Amino acid sequence: MPVQLVVENMNVLLDGKNVLRDVAVTAEAGKILALMGKTGSGKSTFLRVINRMAEQYGAEVSGNITLDGSSIFMMKQAELRKRVGLVFTEPVLFSGTVSQNITAGLKLQGIRKKNELEEAAEETLQRMGYWEDFKDELRSDAHDLTRSQAQVICIARSLCLHPELLLMDEPTRMTDTMTSIRLEEMLFNLKKDCTVVIAVHSPQLAGRIADKTAMMEEGQILEWGKTSDLFFHPKHDHTLSFVSA
Amino acid sequence: MKREIRNRRFICVILLLCGMALAFLLYPMISLAVAAVTTYLRAWGVLPGIGVVALRTLLLLVLTVALVLPLSFGIFRLLRRRARWEPTVRHSIAGVSRVPAVLMGFIGYLIIRNHANLRGRIFPMAVLLAVMFIPSCLFHMEQAIDSLPEEYRMAGEALGGSVNKVLLFVLIPVAKPELLRTGLELIEDILCEATALLVLMGAIDEGQVLSTELFRLAYLGRADAAVLAFLLMAALILLRFFTARRFRREKEDSLCRYNWW
């Protein structure tokens, strides 16, 4: 079931530098929130803070971050990451078959029964609308896939755990046009299952799929709100120049 | 699910204990078999003296390798899981692993020959040799795992896997070719250095058929033996230095390959 993510007064220090300052934003349950901004504006750091990956790499996080009212800092990291999936920009495939890659998360959670894992892989691909594309390749080596296919499998790997919140860091940057269009459609259909927070570098993508959009610049959220409001009535000059580009 | 995992751990512990018990049960039998073979070798006059030494050396090496690999892997997992792979531990292990075994052999010689009087007792000597090779093993394992890009670790951890599970199910399968190469290099290292060491210490040569107890002679004040021991050590240090350079270059190549992918 999708959850509501509320971030209030979030500050992140990394190597003594304040990389995120007074960030406050809400992703409503079952909606898509897009984080828009140029490279280095703090989009990826924001996503890594939400699933507590940033802490592991020396970031000091302060502020309130809640999932349906429960603080993420009170949850066990493994439990949180099962609820909050993260898809990276670069597709990283593990060694093994396509099917093994899709179910890697379940294996890490302790599920080893082969038929259970195969059923989960099929169910995930069907939910994503990619079953026909991969049904004959489930047993082939994952490293034979193209970069676009690899990214689809990485998304499937996250979705296989049935996350309540899915964080995506520019997932379509490495994919071809057709795959990007299909992934956008898939994200739209995913909203009933999970809330999505997506970092994007292109305003067009945010405009097409996001219910709400936040404009980020130098570790701060300049403004956020309904995507249509942000695009047609931006309050900040920087947002205007970004969306009109 | 938790119960299932606990059951599996329990089975693993039981299997490990059974394996150890079996090893202890089998060891006297293997020793007896080796004793019988050496008796026959002596009786038939096949390679008198040297044949016995070679057989005992072989047994000792097999035991050492069999002890080093699981012990090192266990310690490696423990250090990773407890997140204690901190700079101090890392530098200490790297430092000790770069010392050629022949230098450490002096310590081994003093323990085996002079103090603990382990000469001729194969199992305690194998344990001692295994302990001497563990830092080198840990160093190579860590190098192999660290040669993987950070993305693999992050992708595994983003799926909710613990450090230990990510290591076992994600990093080790990806690093398999590198680990296999490292493993083979290690076995080669252990075999070469331990053989030289054992011969130099005369630890397996009960009948003293080989007059190569270099350390002992140097220790007793023989100048030629001391010079020879010094030259041998210098040669091995140089060899280690060139091997380390080659390893570093190969590691850089493999990093390039992963980054390109």
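This section describes the fold of chain B, its contact with chain A, and a sheet in chain A.

The structure is a predicted model, in which local features need pLDDT of at least 70 and side-chain atom pairs count only at pLDDT 80 or more, whereas totals for chains, interfaces and linings use all residues. Residues are numbered from 1 along each chain as its sequence is written, and chains are lettered from A and ligands numbered from 1 in the order in which they are written.

Chain B contains ten helices and zero strands; helices (H or I, at least four residues) and strands (E, at least two) are DSSP runs, numbered from the N terminus. Of the 261 residues in chain B, 27% are buried. A residue is termed buried if 20 or more other C-beta atoms, placed from the backbone, lie within 10 Å of its own, exposed if 12 or fewer do, and partly exposed in between. Two residues are in contact if their C-beta atoms, placed from the backbone, lie within 7 Å. Among contacts in chain B between residues at least 6 apart in sequence, 71% join residues at least 24 apart.

The contact between the chains takes 20 residues from chain B and 20 residues from chain A. On the side of chain B that touches chain A, at least two residues each are supplied by helix 1 (2-44), helix 6 (150-158) and helix 7 (163-174) of chain B. The largest share, seven residues, comes from helix 6 of chain B. This side of chain B comprises eleven nonpolar, four polar and five charged residues, where Ala, Val, Leu, Ile, Met, Phe, Trp, Tyr, Cys and Pro count as nonpolar, Asp, Glu, Lys and Arg as charged, and the others, Gly among them, as polar.

In chain A, six strands form an open sheet with the order 6-7-8-3-9-10 and mixed pairing; two strands pair if DSSP finds at least two bridges between them. Strand 6 (84-87) and strand 10 (220-226) of chain A each have a single partner strand, so one side of each is left without a neighbour in the sheet. From one strand to the next, the twist averages 15°. Axes are lines fitted to C-alpha atoms, for helices over the stretch in contact, and angles run from 0 to 180 degrees between N-to-C directions.

Strand 6 of chain A runs parallel to strand 7 (residues 165-169) of chain A, and four bridges join them. A:Gly85 stands opposite A:Leu166 in strand 7 of chain A. Helix 8 (residues 147-159) of chain A lies across both strand 6 and strand 7 of chain A, at about 170° to strand 6.
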